[in-house]
Amino acid sequence: MAVAFVSHPHCLRHQMGDGHPECPARLGAIEDELHTRGLYDLLLHRDAPRASVDQLVRVHPLEYVESLSNRSPAEGLAHIDPDTWMCPDTFEAALRAAGANVLATDMVMSGAAARAFCNVRPPGHHAERATAMGFCFFNNVAVAARHALEHHGLTRVAVLDFDVHLGNGTEDILRDDPRTLLCSSYQYPLWPDQNPPTVPGRIINCPLPPGSGSEAFRRAVTEHWLPELDRFAPQLVLISAGFDAHAADDMSHLRLSTADYGWVTGVACEVAERHAQGRVVSTLEGGYNLRSLAASAATHIEKLMLG
Ligand SMILES: [Zn+2]
């Protein structure tokens, strides 16, 4: 069965100023690499719908959604936090990024696709219940999780987050929801300078010190994520797919390789095969060196197709 590739032209129009690392070229770099590898035409391409207010308020208060809409500038850039800005197209792009996750979840749940990748921006995992930060506005992966729980009636959804930064927003939103298991690996110390404790059965945090490479990452996943995932037995596996822990990415000091992203994707697919009828929905988070982002994301998607 095919792997869905969900995106939207509006995700290219969100801009946070010249030289900002979270730039539109990220999405094109991934698509170009998929073409180079002969994978692009094998994917099931879908345009992302807008997330509805009902879908967003499962994650964010209505007042927050309205305040973001109100802060959307008619021209120029609106300052949100020291590295997060809204341009006139940002709000629409954020709606499409969250909506991509809803559509991808629907496609995987209905069997229209085996797995799905959302090639979207802005990313989402730093967006807390009522705070936009760290390039993020709506928490896309949390929107997918709540849609799977509330709309599709699942009772156990796992979120895997291997972005180099802690997914503080996802943790803020899901930490009180016993229907979810959140497994994270991240560099610490590193922005957002939080290292919350592991809560067995609910939140599995694996901080990795600067300089850590493949071996430390794979050990964290094998020794800490996997036993909890097999105990939890998720009915759906969601991935916050950030590729900024790559050795070539200046955003951090972890030393992951392109092959590590294929490996961890294979682990996610195996967990999904054991417990979740193979269902995996992945969404793009970080990754700022365009070459390593493209290679890592294409390797991730290739593994979703094979795994
Ligand atoms: Zn990141």
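A nonpolar core is a set of buried Ala, Val, Leu, Ile, Met, Phe, Trp, Tyr and Cys residues joined through side-chain atoms within 4.5 Å. In this predicted model, the largest such core has 94 residues, and the members that touch the most others are L34, F138, F162, W225 and L238. Helix α4 (residues 90-110) gives the largest share of this core, with eleven residues.

**Around F138 in the core**

- F138 is one of the core residues that touch the most other members.
- Setting aside residues up to four places away in sequence, F138 touches L56, H60, Y64, V65, L68, F91, A94, L95, A98, P123, G124 and A127.

- G99 belongs to helix α4, and its relative accessibility of 1% makes it count as buried.
- Beyond its neighbours within four places in sequence, G99 is in contact with A48, P49, R50 and A51.
- G99 and S7 are 92 residues apart along the chain, with 9.4 Å between their C-alpha atoms.
- T105 is also placed in helix α4, and with a relative accessible area of 0% it is buried.
- Once residues up to four places away in sequence are left out, T105 touches A144, H147, A148, H152, L236 and V281.
- Among these contacts of T105, A144, H147 and A148 are buried residues of α5, and V281 is a buried residue of β10.

**Helix α5**

- Helix α5 (residues 140-150) is mostly covered, with ten of its eleven residues buried.
- The buried residues of α5 are N140, V141, A142, V143, A144, A145, R146, H147, A148 and L149.

- Strand β10 (residues 280-284) is largely enclosed by the rest of the structure, because five of its five residues are buried.
- Cover is found on both faces of β10: V280, S282 and L284 are buried on one side, and V281 and T283 are buried on the other.
- Strand β5 (residues 115-118) pairs with β10 in the parallel sense over four bridges, and S282 of β10 is the bridge partner of F117.
- Strand β9 (residues 236-241) runs parallel to β10 and is joined to it by five bridges, with V280 of β10 as the bridge partner of V237.

**Helix α8, between β9 and β10**

- Together, β9, helix α8 (residues 258-275) and β10 form a right-handed β-α-β unit.
- At 1.5 Å a residue, the 18 residues of α8 should span 26 Å, and this agrees with the 27 Å between its end C-alpha atoms.
- Buried residues in α8 are D260, Y261, G262, V264, T265, G266, V267, A268, C269, V271 and A272.
- The elements that cover the buried residues of α8 include β5, β6 (157-161), α7 (214-232), β9, β10 and α9 (290-306).
- After α8 comes Q277, which has a positive phi, near 55 degrees.

**Cysteines**

- How many disulfides does the structure hold? The structure holds zero disulfides.
- C23 counts as partly exposed, at 21% relative accessibility; the cut-off for buried is under 20%.
- For C118, the closest cysteine sulfur is in C11, and at 9.4 Å this too is too far for a bond.
- Is C118 buried or exposed? C118 counts as buried, with 0% relative accessibility.

**A loop residue, N195**

- Where does N195 lie? N195 sits in the loop between β7 (180-187) and β8 (203-208).
- Its relative accessibility of 34% makes N195 count as partly exposed.
- Apart from neighbours within four places in sequence, N195 is in contact with Y186, Y188 and P207.
- N195 and C206 are eleven residues apart in sequence, and C-alpha to C-alpha they are 8.9 Å apart in space.

Terms used. Residues are numbered from 1 along each chain as its sequence is written. This is a predicted model: local features need pLDDT of at least 70, side-chain atom pairs count only at pLDDT 80 or more; totals for chains, interfaces and linings use all residues. Side-chain values use heavy atoms; hydrogens and water are left out. Buried means under 20% relative accessible area, exposed over 50%, partly exposed in between (1.4 Å probe, protein chains only). Helices (H or I, at least four residues) and strands (E, at least two) are DSSP runs, numbered from the N terminus. Two strands pair if DSSP finds at least two bridges between them. A crossover is right-handed if, with the strands pointing away from the viewer, the path from the first strand over the helix to the second runs clockwise. Contact means heavy atoms within 4.5 Å. A disulfide is a pair of cysteine sulfur atoms within 2.5 Å. The expected span of a helix is 1.5 Å times one less than its number of residues.
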